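Subject: Structure for you to look at

Hello,

Here is the structure I promised to pass on. Please open it alongside this email.

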Amino acid sequence: MSAGQAEPGAVADRAVADHGDHHGGRPEEAAVVRVEKLVKCFGSNRVLDGIDLDIAKGEVVSLMGQSGGGKTTLLRCINLLEEPTEGVVEVGGEVVSKDGECLHRARRVQLRQRVGMVFQSFNLFQHLTAAENVALPLLRVGKVERAEAVRRAVDLLGRVGLADKALELPSRLSGGQQQRVAIARALALRPVAMLFDEPTSALDPESSAEVLTVMKELSTEGITMLVSTHEVGFALDASDRIVFIDRGKVVQAGPPREVVFGSASERARDFFAGFVRLGKTAG
Ligand SMILES: Nc1ncnc2c1ncn2[C@@H]1O[C@H](COP(=O)(O)OP(=O)(O)OP(=O)(O)O)[C@@H](O)[C@H]1O
Ligand SMILES: [Mg+2]
């Protein structure tokens with residue numbers, strides 16, 4: 001992580017200028033998330049090695065690939081939990097990182113309001129109820145009045161099928177229910193895009209299915225989503241595109257069925273082989 005590093009800052013003012021200039025002269029349909037020639041090094045380890053990725057408004061992209069390929073690092077570079085080493089990251093038409101210079105620390109809070117992130121491990125506050133967890137960003141960052149924040153939190157919990165659990169503490173919820181609370185919390189500030197990092201990999205199959213159902217519903221509601229996942233079924237059913245990452249590079253990208261069943265990349269074919277074999281047996 002970058003805590004302790006000197007604060008890079010030169011991008012901040014330029015980013016504001018870009019934003020105010022009708023997306024820096026780009027067309028209205030500019031990508032919600034744009035990543036160009038993104039490089040991330042940890043010491044001498046080049047973990048992301050020139051990633052290009054545009055995500056359009058309403059698009060659902062599944063990020064797949066073998067363990068250690070760089071999926072989590074890519075997600076963390078988009079909301080600046082990691083500082084990119086080289087390349088460009090834009091969110092909602094605003095440059096948040098360019099050539100190793102990132103938004104000022106203070107402005108990263110605003111960035112994270114605009115990009116909701118859902119982690120594998122939920123990260124809920126254990127001493128707060130489900131509704132309080134969801135209301136917290138509305139109170140703290142959204143400056144919403146308490147009664148209104150709670151009302152909206154209960155609405156959001158309803159959207160993930162948990163209206164009746166609003167007053168429960170996380171310890172009294174299943175893993176799948178906790179993850180759905182985390183999704184509701186990430187939706188609270190109406191982000192321009194949602195990033196998911198293996199949201200079901202810590203869950204049993206039943207809980208996974210609940211969470212995937214909620215995510216599929218979001219995908220049909222026009223929420224822009226980038227999802228790191230090993231769930232091939234979800235990628236096929238719910239995403240518009242699979243982007244396959246191997247050793248820090250995009251080695252295959254396209255419509256889900258093409259990537260799963262007809263990939264030119266040997267690494268991608270290996271990755272999907274088990275699923276494809278199973279499908280053939282079942283069919
Ligand atoms: N903070 C860090 N410091 C040093 N190396 C790191 C750090 N975070 C990740 N890495 C390295 O970067 C590489 C990519 O890791 P990353 O977690 O992005 O992979 P991944 O594709 O998400 O894998 P998985 O499918 O297992 O989640 C790995 O070699 C990892 O060891
Ligand atoms: Mg990961």
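Below is what was found in it, from the whole chain down to single residues.

Please keep in mind that this is a predicted model.

**The chain as a whole**

The protein chain has 283 residues, and 43% of them are buried. Its secondary structure comes to 10 helices and 11 strands. Take the contacts with a separation of 6 or more: 64% of them are between residues 24 or more positions apart.

**E1 and its partners**

Start with strand E1, residues 33-42. E1 runs antiparallel to strand E2, residues 45-55, and eight bridges join the two.

**Helix H2**

H2 covers residues 71-78 and is mostly covered itself. Six of its eight residues are buried. They are Lys 71, Thr 73, Leu 74, Leu 75, Cys 77 and Ile 78. After H2 comes Leu 80, with a positive phi near 65 degrees.

**The six-stranded sheet**

There is an open sheet of six strands with mixed pairing. The strand order is E7-E8-E9-E3-E10-E11. Which strands stand at the edges? They are E7 (115-118) and E11 (249-254). Each has a single partner strand, so one side of each is left without a neighbour in the sheet. From one strand to the next, the twist averages 20 degrees.

At the E11 end, the pairing with strand E10 (residues 241-246) is antiparallel, over five bridges. Asp 246 is the bridge partner of Lys 249 in E11.

At the E7 end, look for helix H6. H6 lies across E7 and strand E8 (193-197). Its direction is about 170 degrees to that of E7.

**H6 and its helix neighbours**

H6 spans residues 175-187, and its axis comes within 8 Å of the axis of H4, residues 130-140. The two cross at roughly 25 degrees. That angle makes H4 roughly parallel to H6, because angles under 35 degrees count as such. The crossing of H4 and H6 is right-handed. H4 contributes Ala 130, Asn 133, Val 134 and Pro 137 to the contact. H6 contributes Val 181, Ala 184 and Arg 185. By class, the contact of H4 with H6 has five nonpolar residues, one polar and one charged.

H6 also meets H7, residues 205-220. Their axes come within 8 Å and cross at roughly 20 degrees. H6 and H7 are therefore roughly parallel to each other. This crossing is right-handed as well. From H6, the contact uses Gly 175, Gly 176, Gln 179, Arg 180 and Ile 183. From H7, it uses Ser 207, Ser 208, Glu 210, Val 211 and Val 214. The contact of H6 with H7 divides into three nonpolar, five polar and two charged residues.

Gln 178 is in H6. Is Gln 178 buried or exposed? It has 27 C-beta neighbours inside 10 Å, so it counts as buried; the threshold is 20 or more. Beyond residues up to four places away in sequence, Gln 178 touches Phe 122, Leu 124, Pro 170 and Leu 173. Ser 121 is 57 residues from Gln 178 along the chain, yet their C-alpha atoms are separated by 9.3 Å.

Leu 128 is in the loop between E7 and H4. It has 15 other C-beta atoms within 10 Å, so Leu 128 is partly exposed. Leaving aside neighbours within four places in sequence, Leu 128 is in contact with Asn 133 and Leu 136. Asn 133 is also one of the H4 residues in the contact with H6. Leu 128 and Leu 169 are 41 residues apart in sequence, but 6.1 Å apart in space, C-alpha to C-alpha.

Best wishes

How values were computed:
Residues are numbered from 1 along each chain as its sequence is written. Chains are lettered from A and ligands numbered from 1 in the order in which they are written. This is a predicted model: local features need pLDDT of at least 70, side-chain atom pairs count only at pLDDT 80 or more; totals for chains, interfaces and linings use all residues. A residue is buried if 20 or more other C-beta atoms lie within 10 Å of its own, exposed if 12 or fewer, and partly exposed in between; C-beta atoms are placed from the backbone. Helices (H or I, at least four residues) and strands (E, at least two) are DSSP runs, numbered from the N terminus. Two strands pair if DSSP finds at least two bridges between them. Axes are lines fitted to C-alpha atoms, for helices over the stretch in contact, and angles run from 0 to 180 degrees between N-to-C directions. Angles under 35 degrees count as roughly parallel, over 145 as roughly antiparallel, 65 to 115 as roughly perpendicular and the rest as oblique. A crossing is left-handed if the near helix is turned anticlockwise from the far one by less than a right angle, and right-handed if clockwise. Two residues are in contact if their C-beta atoms, placed from the backbone, lie within 7 Å. Ala, Val, Leu, Ile, Met, Phe, Trp, Tyr, Cys and Pro count as nonpolar, Asp, Glu, Lys and Arg as charged, and the others, Gly among them, as polar.
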